Amino acid sequence: MSSQTLQAIRGMNDILPADAERWEAFEALIRDWLAAYGYRPIRMPLVEPTPLFARAIGDVTDIVEKEMYSFEDRLNGEQLTLRPEGTASCVRAVLQHNLLYDGPKRLWYMGPMFRHERPQKGRYRQFHQVGVEALGLSGPDIDAEQIIMCARLWDDLGLNADGNIKLEINSLGEAEERARHRADLIAYLERHVDQLDEDGKRRLHTNPLRILDTKNPALQGIVEAAPKLIDYLGENSLRHFEGVQQLLKDAAIPYRINPRLVRGLDYYNLTVFEWVTDALGAQGTVCAGGRYDGLVAQLGGKSAPACGFAMGVERLMALLEAQNAGIDMPAPDVYVVHQGEAAQRLAFRAAEMLRDIGCAVLTHMGGGSFKSQFKRADASGAQLALVIGDDEAAGEQVTVKPLRVEAEQRRVALDDLADVVSDWLYGSDEEFSEE
């Protein structure tokens with residue numbers, strides 16, 4: 001048997017305790033933010049039938065051609081795939097369980113997605129997304145609300161103070177408008193085919209819109225002069241787009257219309273948007289969304305409007321770190337310092353009494369001097385230390401010592417401990433300063 005040390009698969013990362021606590025604080029904020037807009041959670045499997053993504057995303061996209069983790073179930077020969085994105089899974093669940101029977105639904109999910117691509121900073125083989133989907137609503141109001149709610153999240157996270165995240169929007173119009181644009185775009189690009197790179201040539205007749213999104217500097221002149229989809233929009237599409245813009249202006253949210261902002265999938269229509277940053281290098285998009293009215297029917301359901309967005313958790317966490325934006329980190333309320341066998345037994349009783357009133361209590365384990373224990377107590381971030389030695393244990397008493405402010409410590413009877421700590425943490429701390 002090999003003695004080689006086993007390690008995580010490249011591009012699938014462990015999230016260690018310090019980072020995991022930041023993630024949990026972020027996730028708690030996300031739950032409160034989404035609840036404020038009436039979105040309800042839904043949880044889908046990590047593994048789905050491969051045809052779901054082939055049908056939803058398309059056989060000729062990079063995701064399906066190169067990036068999916070697909071395999072055959074040896075028990076029944078079924079073709080399965082680790083989900084590369086959440087929208088198709090969410091719509092599948094809505095259709096399978098007939099969730100639209102009683103009206104529109106606002107749904108959200110959070111969890112890992114998988115793509116088999118070359119790992120790089122901000123782009124991993126297992127990555128995490130927050131996805132938000134609204135199904136059954138057709139107006140520009142829901143498009144605008146989803147953009148506005150993102151702006152609120154950036155403020156909640158402390159990311160918008162210096163314009164760290166900027167909004168770009170566009171309209172893809174409807175299918176027939178895109179078809180006319182596509183035909184003219186292909187004809188235009190064919191005249192410049194010798195100047196296209198390999199990706200451009202490969203996408204010319206399968207996914208020409210994605211050529212407009214190229215990052216290749218050599219193609220920027222060709223792309224800038226290409227036919228613009230917005231020039232092909234009809235009256236209804238323009239009215240929808242103007243409706244979105246008006247609501248964004250009313251909310252005082254700055255934006256830029258980016259005619260090169262496209263989606264490579266046919267079911268997208270009308271509004272598309274991205275929140276972008278220049279603080280993360282090449283991986284500039286932290287949130288992308290839009291309307292996808294064609295997907296429900298494409299997956300076999302009765303036609304229904306839909307729109308949504310997804311944000312990459314790893315990129316957002318990297319942006320928070322780069323901008324020194326703060327998420328309140330969890331810390332215990334109380335750290336219990338004790339020495340001696342009787343003191344240890346009393347420490348356990350005291351800790352459980354405080355947990356009964358809702359306190360987070362960290363009881364010291366592993367022995368050590370009072371000095372070393374106080375170092376741990378201070379490093380924990382706790383507001384209070386409970387100190388229990390031989391004297392306290394003999395008298396069924398506990399010394400309560402504030403750690404974060406200048407105040408006198410106080411010895412109290414065990415029976416009074418819950419009231420004293422509750423007053424300190426949730427009420428007045430005057431009794432400590434008077435001592």
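The structure is a predicted model, in which local features require pLDDT of at least 70 and side-chain atom pairs are counted only at pLDDT 80 or more, while totals for chains, interfaces and linings use all residues. Residues are numbered from 1 along each chain as its sequence is written, and side-chain values use heavy atoms, with hydrogens and water left out.

Of the 435 residues of the chain, 47% count as buried, where buried denotes under 20% relative accessible area, exposed over 50%, and partly exposed the range in between (1.4 Å probe, protein chains only). The chain holds 16 helices and 16 strands; these are DSSP runs numbered from the N terminus, with helices (H or I) of at least four residues and strands (E) of at least two. The radius of gyration is 28 Å, well over the 22 Å that the globule rule gives for 435 residues, so the chain is more spread out than a compact globule. This radius is taken over C-alpha atoms, and the globule rule is 2.2 Å times the number of residues to the power 0.38. Along the principal axes, the C-alpha atoms fill a box of roughly 90 × 65 × 50 Å.

Contacts are defined by heavy atoms within 4.5 Å. Among contacts between residues at least 6 apart in sequence, 69% join residues at least 24 apart. The loop between strand E8 (256-257) and strand E9 (269-276) contains Asn258, which counts as buried at 12% relative accessibility. When neighbours within four places in sequence are left aside, Asn258 is in contact with Glu168, Ile169 and Asn170. The C-alpha atoms of Asn258 and Ala56 lie 25 Å apart in space, with a sequence separation of 202 residues.

With a disulfide defined as a pair of cysteine sulfur atoms within 2.5 Å, the count is zero. Cys150 takes part in no disulfide, the nearest cysteine sulfur being that of Cys287 at 3.9 Å. Cys150 counts as buried, with 0% relative accessibility. For Cys307, the closest cysteine sulfur is that of Cys150, at 11 Å, which is too far for a bond; Cys307 also counts as buried, at 2% relative accessibility.
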